[in-house]
Amino acid sequence: EEEISKLIEVLKEFGVEDAVTKEVHMSFGELFNRYADISDTLVGILMRGKRRKRILFDSDMLFQGVHDHIVIRLMPA
């Protein structure tokens, strides 16, 4: 839970907020680059966040390079 909270803070700090929906998002590639200094287990944390319905993304698995374009979104509070 602590790792998911750290990830959410990074998304809030560096992500883009949609003017209409207020949804915060960023690409997996950008998140991977930002988060690399914090943890080397980003994909696992993203998967746990998705299962706990705190983070959304349209992919079953994420691989650096291949899925850099996938958008990671925070679930609305």
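Reader: What makes residues of helix α3 count as buried, and which are they?
Author: Buried means under 20% relative accessible area, exposed over 50%, and partly exposed in between, with a 1.4 Å probe and protein chains only. In α3 (residues 42–51), Leu-42, Ile-45, Leu-46, Met-47 and Gly-49 are the buried residues. This is a predicted model: local features need pLDDT of at least 70, side-chain atom pairs count only at pLDDT 80 or more, and totals for chains, interfaces and linings use all residues. Residues are numbered from 1 along each chain as its sequence is written, and side-chain values use heavy atoms, with hydrogens and water left out.

Reader: What makes α1 roughly perpendicular to α3?
Author: The two helices pack at an angle of about 95°, with their axes 9 Å apart. Axes are lines fitted to C-alpha atoms, for helices over the stretch in contact, and angles run from 0 to 180 degrees between N-to-C directions. Under 35 degrees counts as roughly parallel, over 145 as roughly antiparallel, 65 to 115 as roughly perpendicular and the rest as oblique. Therefore α1 is roughly perpendicular to α3.

Reader: Which residues of α1 meet α3?
Author: Contact means heavy atoms within 4.5 Å. Glu-3, Ile-4 and Leu-7 in α1 meet Leu-42, Ile-45, Leu-46, Arg-48 and Gly-49 in α3.

Technical notes
Helix = DSSP H or I, 4+ residues; strand = E, 2+ residues; numbered from the N terminus.
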